[in-house]
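Q: I'd like to learn how to read the contacts in a model made of several chains. Can we go through one together?

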Amino acid sequence: MRLEPDRDYRIPSACGIIGIMSQNGERFNGELAIKAISCMRERSNGLGGGFSAYGIYPEYKDFWCFHLLYDKENAKSSTEDYLKKFYTIKKDEPIPTRKIDKIQKRNILWRYFLNSQIKPTDYTDKNEEDFVVDTVMFINSKIEGAFVVSSGKNMGIFKGVGYPEDIGRFYCLEEYQGYLWTAHGRFPTNTVGWWGGAHPFGILDWSVIHNGEISSYGINRRYLLNYGYQCTLFTDTEVIAYLFDLLHRKHKLNFEIIAKILTSLFWEEIERMPEEQKKFYLALRITYGSALVNGPFAVVVANSNTMVGLNDRLKLRPQVAATKDNFVYIASEESAIREICPKPDRVWLPKAGEPVIGRLRN
Amino acid sequence: MVDKNQKRIIIREEYCMGCRLCEVYCLVQHSKTKNIIKAYKGEYPKPQPRIIIEEKGYLSFALQCRHCEDASCLEACITGAMYRDKKTGAVLCNEDKCVGCWMCIMVCPFGVIQRNRTTKKVASKCDLCLGEEIPVCIKNCPNEAIIFKEME
Amino acid sequence: MNHVIIGNGPAAISAVTAIREVDLKNKITIISDEPYLNYSRPLISYLLAKCINRERMPYLQSDFYKENNVELILNKKAQELDINKKEVILSDGKRIPFDRLLIATGGTPIISEIKGRDSEGVFTFTKWSDAEAIAHYIKTNKVKEAVILGGGLIGLKALEALMELKIKVTVIELADRILAATFDQQASKIIKIALEKKGCKVITNNTITQVKRQKAKIKSVVLKNKKEIKCELLIVAVGVKPNIELTQGTPIKINKGIIVDNFMQTNISDIYAAGDCCEAKDLLLETNRLIAIWPNATRQGKIAGYNMAGIKKEYQGSFQMNSVELCGVPTISVGITTPQEKDYEILKYLDEGKLVYKKLTLKNNKIIGAIFVREINRAGIYTGLIKDKVDVSSFKEHLLKEDFGLISLPKEYRKHLVSGAEIEV
Amino acid sequence: MTKKTAISEFIVERDKEKCITCQVCCRMCANDVHIHDIETDEIISDSNKCVGCHFCETLCPTGALVIKRNPSELKINANWTKEIINDITKQAETGGVLLTGMGCDKPYPIYFDHIVLNASQVTNPSIDPLREPMELRTYLGRKPEKIEIKDSKLEIEIAPLLRLETPILFTAMSYGSISLNACIALARAAEEVGILYNTGEGGLHKDLYKYGKNTIVQCASGRFGVYKEYLEAGAAIEIKIGQGAKPGIGGHLPGEKVSEEISQTRMIPVGTDALSPAPHHDIYSIEDLRQLIFALKEATRYKKPVGVKIAAVHNIAPIASGIVRAGADFVAIDGLRGGTGAAPKVIRDNVGIPIELAIAVVDQRLREERIRHQASIIAGGGIRNSADVIKAIALGADAVYIGTAALVAMGCHVCQKCYTGKCNWGIATQDPYLTKRLNPEIAKNRLVNLLRAWSLEIKEMLGGMGINAIESLRGNRDQLRGAGLSDTDLKLLGIKPAGEAW
């Protein structure tokens with residue numbers, strides 16, 4: 001069988017990324033995200049684009065929303081059989097798309113709103129999130145031709161092969177309202193046919209868009225394996241998503257600290273600190289050495305309450321941040337931000353390893 | 001007086017392997033041709049090294065003129081052949097002036113001044129290989145058992 | 001401030017160097033009754049033997065006096081001392097004032113009273129002029145045979161010189177052996193053999209009673225035993241004595257020589273003495289004593305010089321030592337070589353065949369004397385041991401071994417000796 | 001017996017034209033190969049005695065000497081080789097076990113030489129170590145699985161760790177097997193570079209206590225020189241179970257090597273053989289090991305990491321896992337090619353498995369069992385250059401032990417005659433005539449240079465991969481590819497074949 005890039009092996013890619021968030025939770029439609037990403041067309045080559053949107057399914061906000069990608073009918077049926085074992089399907093429907101000649105649709109795109117029947121107690125140490133993760137892992141790795149694109153609540157990921165703005169139109173994103181949007185345009189180094197490989201990558205309500213290539217991928221992946229994260233497809237993005245899930249959801253670490261793990265301080269910086277702090281960062285680095293993400297990258301990681309922008313230790317990939325009122329913007333290029341927010345209050349270049357964090361206020 | 005940056009040979013007997021390479025190269029340095037093969041095979045009389053190797057059991061060391069600050073050989077020399085080089089502070093022997101009275105041999109507490117084996121007439125001693133950047137015995141010691149160091 | 005030095009020998013010269021090390025401005029005057037700039041007396045035998053030419057007599061660079069800015073008064077004898085006025089009165093009556101005075105007048109040959117001693121062809125042998133005179137006499141009188149009275153160092157060096165000039169020589173020594181002062185029987189014997197091999201006659205236990213002459217010139221000498229020896233030249237070398245005329249009749253204390261303290265000062269302050277004319281500390285006998293040898297003269301002159309210039313330096317003392325090569329046999333003798341008392345230990349090495357002889361005298365485990373004949377390399381190590389009064393009991397058995405060297409000495413002493421030696425780890 | 005049937009291994013070629021009869025070779029050969037003949041004033045060399053250490057060759061001032069392998073050939077026979085015949089001959093003469101030194105020299109596959117590294121091109125900028133920080137610092141020991149923080153304060157205590165400025169340590173070489181000067185050189189180099197050396201089972205000479213913070217003290221089956229001060233002197237303690245060169249075999253320091261100094265250090269009488277039993281007689285199973293580990297931790301009040309050194313054998317992965325569960329803070333694995341001062345040839349050449357495979361399977365097993373963080377892996381036995389180091393680390397080691405490489409830096413020419421105690425280079429000997437030949441200052445500088453050079457090369461390779469911290473390479477097997485390895489090898493090593501993309 002022919003190896004599928006992204007699914008069976010990693011391929012490097014450059015990218016344009018943008019994240020927009022209203023910290024007050026004001027919902028706005030996808031048009032804005034499309035506008036912004038389209039002005040970074042230079043940074044992609046038509047071989048991948050995608051969006052993540054938060055707050056788009058308020059009426060089903062308590063249900064797990066699975067966006068699925070099927071190669072063929074029987075993949076759909078076996079997936080649904082599997083889901084039915086553990087979930088009640090509140091609602092399922094095709095993901096609405098419109099015909100665009102630039103995009104040739106070759107998958108079944110379906111979404112489900114699910115309710116887990118599993119009592120946490122049944123699965124001893126595992127809670128519902130873990131269980132959902134297991135479900136996703138199972139479908140992605142065991143059911144051929146089926147792929148879970150997103151699996152969070154009140155959020156969804158829309159992606160495919162093509163230029164991001166076309167993908168946006170294809171999914172009719174202008175009809176969705178969300179308070180946090182991220183968008184991604186991809187420049188893979190060889191042809192990719194598989195839609196699953198496009199960004200954002202999602203698990204639970206995490207979504208990651210990413211520009212870069214992770215040299216530490218090999219060890220990051222093996223490290224995550226210890227915690228049951230099967231990296232079923234070969235994209236760096238997946239690794240970052242899982243690291244966030246592990247460190248935030250399981251190890252209960254806040255984003256500032258996670259940033260210091262993924263892009264740890266240099267030893268000499270730690271040396272110069274006062275004893276207490278030194279002890280702290282030493283502990284952090286020796287404990288999470290395998291979670292250090294090395295190589296050039298700029299990511300925007302989001303979940304329902306947060307949007308985090310992060311740059312590698314040497315800032316080898318571009319990342320600009322801006323704020324306007326309660327809005328936070330993170331992008332590969334300032335132009336993209338100015339396109340949708342001509343007069344930001346503040347624009348800055350985050351330093352290497354310095355996270356930009358937007359938080360949902362309530 | 002001898003000024004501080006003048007260098008002297010320091011002996012570290014604990015590292016002397018007793019290979020006598022210092023002697024070999026000293027001999028070559030003080031030969032006519034300064035070519036090792038010729039010096040050994042082509043020169044008669046055989047050139048004389050200015051260095052003395054002492055050996056007893058596993059202990060050994062190379063000894064050459066200490067170029068003392070308060071050199072008794074200078075006081076004892078009746079011809080003025082023995083003199084101190086102003087620049088390096090080295091104690092040198094002008095062999096043309098020397099008549100071989102052996103006063104220097106009599107007073108040198110290190111016994112490092114020898115009768116010239118061939119002429120038997122004049123005293124012969126270490127000249128710190130003046131002209132060379134460092135004495136050849138030091139340059140060629142494979143174990144740094146003798147080193148060239150500013151005097152304290 | 002005036003530094004005045006009487007004498008122009010090694011003691012005087014090293015005094016000048018020492019003074020100039022600390023005092024560049026004050027005046028230094030040297031008074032010498034000889035016509036030459038400084039020269040090396042021990043070289044006269046080499047000069048006579050024509051081993052060296054006149055150019056090699058001086059042992060300093062000619063610009064020495066200029067460089068050290070010394071006023072030289074040559075060919076003038078210092079006649080008198082006016083100690084109260086602090087003045088030296090020269091033979092021409094000129095008066096030289098001094099603040100500090102160094103008497104370094106050296107020694108003069110002992111004149112033994114022999115009938116006919118005043119004949120032409122009879123010489124002593126201590127100065128350049130002596131050598132010149134002898135050389136000239138030999139040339140003009142075609143001397144074939146000579147006699148030397150005195151088998152000491154000077155006598156034998158003269159003898160060697162004459163032999164170089166192909167003159168048949170007889171040496172007459174009052175004692176039972178030549179070099180009696182410094183050598184024991186064995187050592188003297190080896191030298192004697194060497195001399196006789198070279199065709200010279202050695203007569204011991206004897207002396208000259210009369211010099212016979214033809215016209216004014218010597219024609220033979222008559223010995224104590226009436227034996228007569230034909231010769232055209234006689235060199236009297238029965239020893240030297242301190243040259244102390246100058247001090248006679250002054251309050252300066254004298255014995256055989258001028259008595260000095262460990263700072264080379266006489267009993268009169270500001271008046272110092274050094275070299276062959278004085279009696280300084282003997283390290284072994286621990287008394288003051290005449291030791292008329294070159295190294296002592298330089299050392300004493302140096303000490304005197306420092307003290308004259310106001311730097312207190314003490315004379316550590318010295319002892320008798322001599323090195324001489326006769327007929328190609330190098331010899332060295334140091335310290336007390338033939339002690340009279342019993343409580344001495346003697347270590348000997350003798351190679352009858354090669355005529356190699358080594359001897360050490362020890363007193364309560366310290367070396368106090370040494371003789372080396374033919375094999376003299378590294379002899380200085382023993383001199384050092386004598387000087388530092390090192391207890392040798394721990395390495396006694398190695399002392400006369402072929403491979404004796406610093407390595408035979410106790411590690412700590414060796415390390416201290418070989419300055420700069422480091423102990424690693 | 002007069003008939004000598006063994007063929008000499010080397011021949012000494014002396015260029016008579018060049019030889020000046022300075023006799024340096026005669027003075028310097030501890031095996032009395034070169035003898036000066038006074039009558040003829042010539043030097044006669046007896047090739048039979050030559051061990052091929054090349055000391056004379058390196059000192060000869062005119063380059064008159066060349067040591068060559070003896071070209072004298074037996075009938076070609078792939079089965080009965082010269083070596084085998086010589087071995088049999090020797091045994092026929094001596095009737096004893098054949099001893100040898102250094103590591104296995106048999107042509108088993110060297111996996112390092114079939115593993116290639118990756119480098120960035122276009123999509124990922126390589127990093128220039130001369131311009132950007134490039135971090136090799138490594139901490140060894142037990143590490144927490146996760147951090148717990150309460151109001152921005154650490155909730156957990158970090159166990160004692162060993163800090164290395166570069167992921168290399170000097171492996172266990174006892175004072176006794178090597179000279180004190182060699183030990184001093186290793187200790188000083190470790191101190192200067194900021195790494196550690198290992199006392200081996202020889203105890204700790206009084207002059208070496210001052211290097212304590214750079215010392216791993218070993219506790220082996222002989223327990224030589226093991227006492228309170230000794231345990232407290234070091235930065236860590238290593239329990240030695242086995243050694244790659246002689247798994248399952250004890251040590252034996254012949255009595256003639258047990259000098260006054262050594263007897264004091266090892267706490268045994270002068271001149272008595274120092275015998276390390278094959279097993280620890282207080283460790284007959286894993287729980288006994290646990291007891292010893294904690295006995296040692298107690299003895300040092302839990303202030304020092306305690307590790308265990310084992311030889312790489314078939315069952316290495318489960319053994320290592322057991323050791324970690326028994327409480328070891330690091331596991332040192334010594335591979336088939338690991339060196340020794342003296343071992344039976346047959347054992348050295350036939351027992352154990354290559355270190356590359358051992359690293360791979362142990363790292364994999366510890367990860368599968370989720371205890372990888374509980375202990376560090378130190379890999380040794382055949383680490384020859386910086387490439388081996390970086391490959392070992394990418395396979396999953398935290399750091400490597402080097403022994404032979406260090407000795408070679410000090411002058412060793414791997415003649416494999418350590419057990420004779422006649423090391424001309426002054427390394428593997430106690431003979432005062434020979435030990436002084438190793439000037440610890442020079443040796444120290446050479447060791448420091450070696451480590452500096454390797455570290456620079458490692459940084460270059462890391463930079464090429466676009467990595468600027470060694471922990472991002474540790475266990476990062478994606479950076480490796482196998483060239484010319486079987487599928488099984490690839491599977492065991494956990495690497496892809498060259499040519500296959502990410």
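This is a predicted model: local features need pLDDT of at least 70, side-chain atom pairs count only at pLDDT 80 or more; totals for chains, interfaces and linings use all residues.

Q: Okay, so how far apart are the closest C-alpha atoms of chain A and chain B?

A: They lie 37 Å apart, and no contact joins chain A and chain B. Chain A and chain C have no contact either, with their closest C-alpha atoms 33 Å apart.

Q: Then which pair of chains has the most contacts?

A: Four pairs of chains touch, and the most contacts are between chains B and C. Here 33 residues of chain B meet 39 residues of chain C.

Q: Which parts of chain B supply the side that touches chain C?

A: Several elements each give at least two residues, including strand E1 (7–11), strand E2 (52–56), helix H3 (72–76) and helix H4 (103–107) of chain B. The largest share comes from H4(B), with four residues. If you sort this side of chain B by class, you get 16 nonpolar, six polar and eleven charged residues.

Q: And how many residues does the contact between chain A and chain D take?

A: That contact takes 33 residues from chain A and 33 residues from chain D. On the side of chain A that touches chain D, helix H5 (217–225) and helix H9 (275–287) of chain A each supply at least two residues. H9(A) gives the most, with six residues. By class, that side of chain A has 17 nonpolar, eleven polar and five charged residues.

Q: Now for something inside one chain. How do I describe two helices that pack together?

A: Two packed helices are described by the angle between their axes and the distance between the axes. For a case here, take helix H8 (residues 316–325) and helix H10 (residues 355–368) of chain D: their axes come within 8 Å and cross at roughly 50 degrees.

Q: Why is H8(D) called oblique to H10(D)?

A: Angles under 35 degrees count as roughly parallel and 65 to 115 as roughly perpendicular, so the crossing at roughly 50 degrees makes H8(D) oblique to H10(D). H8(D) also passes H10(D) in a right-handed crossing.

Q: Which residues make that contact?

A: From H8(D), they include D:Ile316, D:Ala320 and D:Val324, and from H10(D), they include D:Ala358, D:Val362 and D:Leu366. By class, the contact of H8(D) with H10(D) has eight nonpolar, one polar and one charged residues.

Key. Residues are numbered from 1 along each chain as its sequence is written. Chains are lettered from A and ligands numbered from 1 in the order in which they are written. Two residues are in contact if their C-beta atoms, placed from the backbone, lie within 7 Å. Ala, Val, Leu, Ile, Met, Phe, Trp, Tyr, Cys and Pro count as nonpolar, Asp, Glu, Lys and Arg as charged, and the others, Gly among them, as polar. Axes are lines fitted to C-alpha atoms, for helices over the stretch in contact, and angles run from 0 to 180 degrees between N-to-C directions. Angles under 35 degrees count as roughly parallel, over 145 as roughly antiparallel, 65 to 115 as roughly perpendicular and the rest as oblique. A crossing is left-handed if the near helix is turned anticlockwise from the far one by less than a right angle, and right-handed if clockwise.
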